[in-house]
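Please read the following points with the sequence and the model open beside them. They are meant for someone meeting this structure for the first time.

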Amino acid sequence: MSDGFRLGVFYTIIRPEEKWILGAAESRGLAVVRLDDAEVTFGLDRPDADADVVVNRSVSHTRSLYATRCYAHYGIPTVNHPEVVELAGDKILTSLRLAERGVPTPKTVVALSPEAALKAIDRVGYPAVLKPAIGSWGRLMAKVGSREEAEQIVEHKSALSSPIHSVFYVQEFVPKPERDLRVFVVGDRVVAGMYRRSSDWRTNAARGGSTEPLPISPELAELSLRAASAVGGGVLAVDLMEAPSGLVVHEVNPTPEFKALTAATGADVAGAIVDYAVEVGRR
Amino acid sequence: MTQCPECDAMVGTNDKVLGEVFPCPDCGTELEVLGTDPFQVQPAPKEAEDWGE
């Protein structure tokens, strides 16, 4: 597979996931170009480091957005594609796209001012969940149980300086079992899946929930692939919940972590990502 | 080996790569590998608002 093919890895920090991707690339004989998102610069005519494909592993949505656009400008394909980064990195855009494609997703209302936020929460009903449109790991999420709590949380969010906190993404609270489902999609296949369990209503593995392997039924595979395809496809972690009405997709993550998934399932996720990136780079 | 910039504990092993983030075994501060030869570390970048998956 080598033949001088250069695989760029654009990163913020080297976690086990990035280390495994670098290792998988090296074991395939690929030339690895390390692209530290705090160091690289982007001219209008050429990149400061060349590559045949760039795997985006930056944890910053903003840096990911601009970097993948710049690499596209140079004609260097990225995993994921810039439009996928833009869409899947923003929960509002993701929800719109999932709804457009008929993928079942929790009831969601967006508001652009504190006043409208209270209306949005009333419209979703109590309890509701407030999430930042950008960012993850369960950070700054709030479960809102009453109108009084809604007023307090909206007031607190309004006091935060970043304009992103004046955008309110309100979702129904889904009364799920104490777990959710994560399905890891690479290209047109499901690589692995896991349950994330927690007595906390936030089941993110980053928040310390436990994990176990998730058997992938044909229905689950079909829904996960449909959700991934809806945002443009690539390397994506589809998060689902078991709602009373059936499975619903609540997030599609464009730069997914897979340490917990690898530990739970033993799947070679890093190898699958590298093989897919090479395929994209050779198209 | 080098000293943790927060607690002065000796940190570092041979399996760390450039840019890798790991917790100081003594104080738990997240450290980033700045160089492997000689081994150097600095506190890892702090989580920003737009960080996530």
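1. B:Asp8 sits in the loop that joins β1 (2-3) to β2 (10-11) of chain B, where strands are DSSP runs of E of at least two residues and helices are runs of H or I of at least four, both numbered from the N terminus. Its phi is near 70°, a positive value in a residue other than glycine. B:Asp8 is exposed because 11 other C-beta atoms lie within 10 Å (exposed means 12 or fewer such atoms, buried 20 or more, and partly exposed in between, with C-beta atoms placed from the backbone).

2. This is a predicted model, in which local features need pLDDT of at least 70 and side-chain atom pairs count only at pLDDT 80 or more, while totals for chains, interfaces and linings use all residues. Residues are numbered from 1 along each chain as its sequence is written, and chains are lettered from A and ligands numbered from 1 in the order in which they are written.

3. Chain B contains 0 helices and 5 strands, and its C-alpha trace spans about 35 × 20 × 15 Å along the principal axes. Of the 53 residues in chain B, 26% are buried.

4. Where the chains meet, 22 residues of chain A and 13 residues of chain B take part in the contact, two residues being in contact if their C-beta atoms, placed from the backbone, lie within 7 Å. The side of chain A that touches chain B has 9 nonpolar, 9 polar and 4 charged residues (Ala, Val, Leu, Ile, Met, Phe, Trp, Tyr, Cys and Pro count as nonpolar, Asp, Glu, Lys and Arg as charged, and the others, Gly among them, as polar).

5. Within chain A, residues A:Glu17, A:Trp20, A:Ile21, A:Ala24 and A:Ala25 of α1(A) meet A:Ala270, A:Gly271, A:Ile273 and A:Val274 of α9(A). By class, the residues of this contact divide into 7 nonpolar, 1 polar and 1 charged.
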